[in-house]
Amino acid sequence: MSNQPILFKNARLIDPASDREERGGVLVRDGVIQAVGPQVSEAADAQVIDCAGQVLAPGLIDMRAFIGEPGGPYRETLKSAGEAAAAGGVTTVVSMPDTNPVLDDPAVIDFIVRRARDTSIVNICPAAALTKGLEGQEMAEIGRLKEAGAIAFTDGARSVTNAQVMRRALTYARDFDALIVHHVEDPDLVGQGVMNEGEFASRLGLPGIPREAETVMLERDVRLVRLTGGRYHAAMISCADSAEIVRAAKGKGLPVTCGVSINHLALNENDIGDYRTFMKLSPPLRHEDDRQAMIEALADGTIDVIVSDHNPQDVETKRLPFAEAADGAVGLETLLSAALRLVHEGRISLPRLLRALSRRPAEILGLPGGRLSVGAPADLIVFDPDAPYVLDKRHLRSLSKNSPFDEARLEGQVSTTMVAGRVVFRRDTM
Amino acid sequence: MSDAPRSIFPHRHLLGIEGLSPLDIQALLDLADEQVEVSRQIEKSKSSLRGRTQINLFFEASTRTQSSFEIAGKRLGADVMNMQVASSSVKKGETLIDTAVTLNAMRPDIIVVRHHAAGAVHLLAQKVDCSVVNAGDGAHEHPTQALLDALTIRRNKGRIAGLTVAICGDILHSRVARSNMILLAAMGARVRLVAPSTLLPPGIARLGFETFTSMEQGLKDADIVMMLRLQRERMNGSFVPSVKEYFRFYGLDQEKLAFAKPDALVMHPGPMNRGVEISSDVADGAQSLIREQVEMGVAVRMAVLEALASHLPNR
């Protein structure tokens, strides 16, 4: 890291921690924000970056990304994920433990922490397995894994169906103030389903997944949180009833938070259209009414965070009949652009959106970022919220190209990304 | 000293610490102190239970406790019979009652019972005419263990009242912990319970005991650190993740012991899992009372048998 200070000037500063929005600059020195606001003046020795009126905000913190390393480097490596993240304005990525080997051993967590530090240009924080081997039967070594650097505990794309195991995990995790993140989907109710259950699935002749696959599991978890007091985060909710469950839990003061994927905010089941496998996701894209409910829940704070649910799949697992294709889409690079659609549609303010993309994840994970204030880490992004472009998957940095936004018209592009005081991405057009 | 039993204990059975007054406990401890001296003599025999029949009825295997009761009975002159009952053959309460009725017909004077089910000893006590001693019923009580622990503490610290005792480990499944909590609190000690939340009985804090999930906090300035055995078969269940994890956060080693007072004493009811709940250097170290607890066990059981003998109906 260079010791030379960097000054961002002529910026539209948005601090999602305080909802402050003003014109001004930010001075960065030694990896942290040294000064911020309208009065920040040029330091003699500073390198100057003129933001030309663009937005300057804390870097995004993505709580859910699947990375193929170790075990599947052809899908994504820590290095390629870092490059994709930086281009999308994501400065911290929480990686899921669904790797090979599974991240259920302190030595493997330690490996990921070191490897990410050596190869990735953004922060990558591993979430460790909640149960050994992601098998949902025995809880993993939560204390030792946390000591090794695990930031949260989750079985990734799998759900813990055994309520006793979940109860004990929530109870045990409480002693370590460990966060449990859960994919809420009852596999028995999912059955052979591949898309949202309803009229459209019937027309396509595809087996459906009822919303109850999600709500039954979420309802159970909330009751277990009430019993145990453990800190719980539903990784992604996708339907109106789930939002109601979380709303009620929060109303009772339970330590429950939740996320939504950008896909479920921007797309609905009709986007599957003519069996487009890039739209095959878990949970499935829901009805438009559910999408609207997700946006409302985000706006009123019921939904805390937006995640990319970045899940790279290679061509062979996606170029298959819809029912046989793998779930998942890449999302790190399009997270902000796709989310800005909500701002352009007037559904949510830009500070509120950035809060769900940076400050709230930081609060839930116990990270110092997500704020524009003196002493905060200099994880920053500069972006033009109005810059239009058409996504060409060939330009994606991710090793996999399965984006549901391929060829979509998007508005808003990141021009500069800084991590720990170092510029890690600059778009050529700036 | 007369060998005749003295009537210092106003109870026919010893089914638990619950129900005993501080005076009852003190009387048993005083009597046990005398038995320590008896056991340390070359001639260890007394005649206070001569002609009496003591049956040790163990539905669960326990070499230590059973041997301790056997030696205690024999030193008091009783005829001691050990009965091992395979737990697989006793699955229903009805069978337990049948066993009790059969045994009762043999006219024993004292039955010492260990059973895997909480409350089984109480049930048996209702069906027999003799005195019954609880040698451990499920996760309920193990009164003689608590008494021997109290005797060990009193002899080393000179008192129980005012001491801070940290009971650490598998509280949830421990009859030792339950009896000790009641006894120590009754005698004026400050009792702390230290365990991962999965091994703490729900609602235990509402009973007035301080609970801690961190050994460092729970052991801070403790006078006595009482470790509990963690059954290995439970390690791979869902209560705690692994032996390594358990030892790292809840096993007693020198580093964690340093949080207690410099003159803190370490206890363990045995048998120990070295490297699981306690490190060898602590178990064998200068602060350890573990071997002394075994000696006190015989003395306390002699005291209990003698105290109950004073109430036998056929005197």
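I began with Met302(B), which counts as buried because its relative accessibility is 0%, under the 20% that I take as the limit for buried. I note here that the model is a predicted one.

I then looked up where Met302(B) sits and found the residue in helix α12 of chain B, which spans residues 290-309. Leaving aside residues up to four places away in sequence, I listed the contacts of Met302(B) as Gln35(B), Val38(B), Ser39(B), Ala72(B), Arg75(B) and Leu76(B). I also checked Val36(B), which is 266 residues from Met302(B) along the chain, and found 9.2 Å between the two C-alpha atoms.

Next I turned to a sheet in chain B, an open one of five strands that pair in parallel, and I wrote down the order as β7-β6-β5-β8-β9. The edges are formed by β7 (210-212) and β9 (265-267) of chain B, each of which pairs on one side only.

Last, I consulted the UniProt record, an unreviewed entry, whose annotation "domain: Dihydroorotase catalytic" covers residues 53-240 of chain A. For that span of chain A I noted 39% helix and 18% strand, with the end C-alpha atoms 38 Å apart.

Technical notes. Residues are numbered from 1 along each chain as its sequence is written. Chains are lettered from A and ligands numbered from 1 in the order in which they are written. This is a predicted model: local features need pLDDT of at least 70, side-chain atom pairs count only at pLDDT 80 or more; totals for chains, interfaces and linings use all residues. Side-chain values use heavy atoms; hydrogens and water are left out. Two strands pair if DSSP finds at least two bridges between them. Helices (H or I, at least four residues) and strands (E, at least two) are DSSP runs, numbered from the N terminus. UniProt positions are given in the numbering used here, feature names are shortened, and annotations may be inferred rather than shown by experiment. Buried means under 20% relative accessible area, exposed over 50%, partly exposed in between (1.4 Å probe, protein chains only). Contact means heavy atoms within 4.5 Å.
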